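Have a look at the chains below.

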Amino acid sequence: MASPREYKNRIIPNWCPGCGDYGIQNAISAICAKKGWAFEDIALISGIGCSSRIGGYQYCYGAHTTHGRSLPFAQGIKCANKDMHMIVCSGDGDSYAIGLGHMIHAMKRNMDITYLVFDNQVYGLTKGQTSPASSKGFVTKTTPDGNPETPLNVLGMAIASGCTFVAQTFAIDGKQMMDIIEKAVDHRGFSYVNIFTPCVSFNKFNTVDWYQSHLKKVEDLHPNYNPADMGAAFHLLAETDSLVTGVIYEEKGVAAFDQITPAGDRRLVDHVEKPSPELFEDLVSEFR
Amino acid sequence: METKRDFIWKMGGQQGQGVESCGEILGRVLAQEGYSLFSQRLFASRIKGGHTTIALRISAAHRVATIGESVDCLVALDQETIDKHGEEVREGGVIIADQAFHPKWEAHTGRIFLALPITEIAKAHGSIQMKNIAALGMSAGILGFPKEPFFQFIADRFGKKGEAVVENNKHVFIEGYDTAVEAVQGSDSIGRLAAPEKSEQLYLLGNEAAALGAIAAGSRFMASYPITPASEIMEYMIKVMHKIKGTVVQTEDELSSCMMAMGAGYAGVRAFTATSGPGLSLMAESISMAAMAEIPVVIIDVMRAGPSTGMATKVEQSDIRYAIGAGHGDAEKIVLAAASIEDCFYITQEAFNLAEEYQTPVILLSDLEFGMCKQSVPAFDAERVPIRRGKLVREGLPELPKAEYFHRFADSEDGISVRTIPGVANGMFLSTGLEHNAFGKPAEGQADRVTGMEKRHRKFRTVSKAIQPFFVNEEDTDADLLIVGVTSTGGAIDEAVDMLKDTGKKINHLHLRLLSPFPEEELRPYVEGAKKVLIVEENLTAQLRELFASHFDCHEKLLSLLQYDGTPFVASTIAKKAKEVL
């Protein structure tokens with residue numbers, strides 16, 4: 001059995017000291033180790049941004065794709081090889097701005113993919129511009145007078161998009177983050193976790209202290225919370241202004257995409273082959 | 001009666017009047033009888049209603065690859081058909097019109113005009129919906145085709161609906177047939193086709209031929225977004241997916257379809273997408289990544305008239321320049337062009353082979369005339385193009401030292417590296433659109449950059465040897481005139497060459513299949529051996545000629561024939577231009 005450490009490669013991340021992303025990387029590595037997955041059976045796919053550099057830091061098949069398009073790429077992999085363990089990592093700009101269209105459709109499609117959004121509420125790699133997750137009034141290089149817009153309600157949008165697993169956690173709370181990522185990985189279907197991760201360089205507003213004083217745990221608010229209750233989930237998000245951690249919504253038993261495609265149990269990657277003469281004759285018969 | 005070389009039949013009416021199905025039945029039956037056919041549907045870009053026509057060119061001997069020019073028989077279900085298309089009917093040709101709409105034809109003298117009871121016959125023996133069957137019977141009667149093959153087709157087509165429906169349709173057909181034959185008695189200006197020899201042929205759209213090609217190439221994954229005139233490729237794939245047991249994803253947009261196909265290609269299946277100009281524009285970002293990360297993917301672009309939404313239901317060959325350039329940076333790729341509807345089947349398979357052998361995006365150009373026209377073609381040989389996967393390794397790799405990666409992008413003499421796919425033990429690598437080193441780690445040092453760029457460039461050197469880069473009528477490179485075309489102009493060019501036989505000049509026709517990398521070395525003898533080169537293309541800015549001019553110095557002899565009014569070239573236009581320049 002490989003140790004969590006072995007699921008990281010030897011490349012030194014270019015994240016700033018104190019960045020929350022290190023903690024997320026540790027959690028992903030620990031879950032891989034706990035599951036005992038073979039390195040070659042994991043695909044870690046990312047887009048563009050600070051978060052997405054992780055596509056090059058894990059010891060597995062990693063793909064660091066284009067801005068906002070990690071999910072389409074990952075879905076292609078899953079369609080080709082349904083046995084791959086799929087982890088997609090993205091950031092709040094990558095997911096909620098340029099990649100939003102792909103995100104909600106991936107949720108609707110319900111492939112067996114775990115989607116982790118490293119949400120620092122700011123653009124870090126381009127050095128401090130506002131993001132769709134930035135708080136109203138937040139001062140950045142592109143909102144010098146304070147962000148005039150309200151942040152997207154991403155968790156509510158995910159539920160409304162048919163996402164069958166919606167959760168939120170905090171990169172500094174390693175224990176809860178591990179627990180939630182594991183649940184996400186175990187979920188059959190598309191699982192989505194928004195992970196608040198402090199940006200120490202460009203977000204001096206949403207600091208570790210800020211998160212710790214604003215985030216509530218769902219079990220503390222509602223000890224008998226039932227994540228299968230969609231109405232309760234929307235209510236929870238409204239009453240907390242989405243500053244809540246835990247599994248917000250989970251719908252079990254929905255057929256995952258691989259259960260409804262004509263490919264069925266076949267791994268398509270094993271079937272790059274000519275059609276049999278009988279099959280081909282059957283196909284062309286309608287044109288005779 | 002005179003034996004004719006071919007017939008052109010056309011029918012028009014409002015969408016929903018069964019115009020299309022009438023043409024479909026006539027075409028299908030005659031294809032089964034061994035006639036060579038080309039059919040073209042013209043329709044307004046609107047959802048329902050509007051004028052629609054279907055045209056069919058029918059030949060007993062030569063293979064027809066374009067719709068041709070003068071109509072022998074026009075069937076009009078509305079006045080608009082006569083007004084718009086009456087003048088296309090040749091002297092001595094026939095116009096059949098439904099009595100029911102009180103047709104006016106005074107403008108079209110010199111033709112045989114028959115106002116026949118189409119609606120009446122349909123009503124008397126069945127229902128008004130059978131108008132198209134009455135018109136079918138009349139068309140078959142006028143053109144002198146036997147009834148029996150149509151009876152068989154009617155029985156097969158309507159058998160599910162019960163004996164009574166079959167009998168009614170048959171009745172309407174016979175009544176239409178006999179009425180028309182009686183009406184033209186005494187006229188022999190229509191002519192007759194010789195009986196064809198029965199041969200194994202398929203009658204299908206270029207889009208269907210391309211989809212079958214993808215299946216024959218072993219592709220079982222497609223991601224696509226609907227767009228005219230490419231949608232039939234996805235629709236056909238979905239229709240047969242339960243048989244071939246694969247997956248088609250209709251994505252949210254073309255950004256996604258290209259990336260999803262790339263993800264699947266990276267993971268080791270043969271994946272593709274199909275689109276038209278607007279979709280190709282959205283894919284450019286992904287194509288650039290596929291070039292950088294050396295990911296195989298096939299993108300079929302069924303070209304239509306641009307720019308922008310342009311004329312979505314009209315043909316143009318105006319994505320040539322864009323396809324070659326698509327993708328920012330030095331994003332090199334392979335660009336192919338289907339040379340015929342038959343070639344849509346074979347070249348699609350070549351596209352998948354080249355994508356994997358060269359680990360690259362491949363854009364395959366088709367166009368609306370191929371995509372949405374049906375042609376009878378020789379039965380396909382699914383084994384002719386074998387599956388070639390290049391340097392793909394799925395097992396038996398030596399164990400990697402701890403924490404080391406496989407050198408997926410190792411430099412090599414031919415620029416092509418050994419490729420592994422997710423799931424392969426000891427084959428792990430990093431994939432990225434960033435400049436990278438041999439195992440995919442981002443690397444911005446000058447040495448890594450230059451090595452990577454030159455490696456990716458070098459691999460394209462041999463492409464023109466890996467595929468037949470063009471078709472040419474005559475191997476002899478000396479010509480008074482070399483006519484060059486791409487995609488659907490081939491049929492009209494060949495007919496033009498035929499028309500020019502009596503000029504006594506040596507005229508050759510070369511049709512390109514490989515546009516990028518440009519097969520300069522293979523083309524040079526033909527270009528240099530010709531006194532003049534006429535480059536025929538359906539666009540305004542001479543995109544194909546520009547390509548030739550950027551590779552050959554003899555600019556003064558590279559002549560252009562352009563058309564950009566949304567219609568396909570007809571042979572006489574090309575022949576006329578050829579005579580001018582000869």
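B:L336 has B:L514 as its bridge partner in β21(B). The strands involved, β14 (residues 334-337) of chain B and β21(B), pair in the antiparallel sense over 2 bridges. Two strands count as paired if DSSP finds at least two bridges between them. Strands themselves are DSSP runs (E, at least two residues), while helices are runs of H or I with at least four residues, and both are numbered from the N terminus.

A quick word on where this comes from: it is a predicted model, in which local features need pLDDT of at least 70, side-chain atom pairs count only at pLDDT 80 or more, and totals for chains, interfaces and linings use all residues. Residues are numbered from 1 along each chain as its sequence is written, and chains are lettered from A and ligands numbered from 1 in the order in which they are written.

**The sheet in chain B**

Zoom out from that pair and you find an open sheet of 7 strands with mixed pairing, in the order β11-β10-β12-β13-β15-β14-β21 (chain B). Its edge strands are β11 (247-250) and β21 (514-516) of chain B, each pairing on one side only. From one strand to the next, the twist averages 20°; angles run from 0 to 180 degrees between N-to-C directions, with axes as lines fitted to C-alpha atoms, for helices over the stretch in contact.

At the β11 end, β10(B) and β11(B) run parallel and are joined by 4 bridges, with B:F221 opposite B:T247. Together with helix α8 (residues 231-244) of chain B, these strands make a right-handed β-α-β unit. Right-handed here says that, with the strands pointing away from the viewer, the path from the first strand over the helix to the second runs clockwise.

**The sheet that both chains build**

Which strands make up the open sheet of 9 strands? The order is β7(A)-β8(A)-β5(A)-β6(A)-β4(A)-β3(A)-β1(A)-β2(A)-β17(B), again with mixed pairing. β7 (216-217) of chain A and β17 (430-432) of chain B stand at the edges with a single partner strand each, so one side of each has no neighbour in the sheet.

| Helix | Lies across | Angle |
|---|---|---|
| α2 (residues 70-80) of chain A | β1, β2, β3 and β4 of chain A | about 175° to β3(A) |
| α2(A) | β10, β11 and β12 of chain B | about 155° to β10(B) |
| α10 (residues 277-293) of chain B | β12, β13 and β15 of chain B | about 160° to β13(B) |

**Where the chains meet**

50 residues of chain A are in contact with 59 residues of chain B, contact being C-beta atoms, placed from the backbone, within 7 Å. On the chain A side, α2(A) gives the most, with 8 residues.

**Domains of chain B**

Chain B is assigned domain 1 (3-193), domain 2 (204-378), domain 3 (391-467) and domain 4 (468-581), with bounds from an automatic or database domain assignment. The C-alpha centres of domains 3 and 4 of chain B lie 39 Å apart, and 4 residues of domain 3 are in contact with 8 residues of domain 4.

Technical notes. Contact = placed C-beta atoms within 7 Å.
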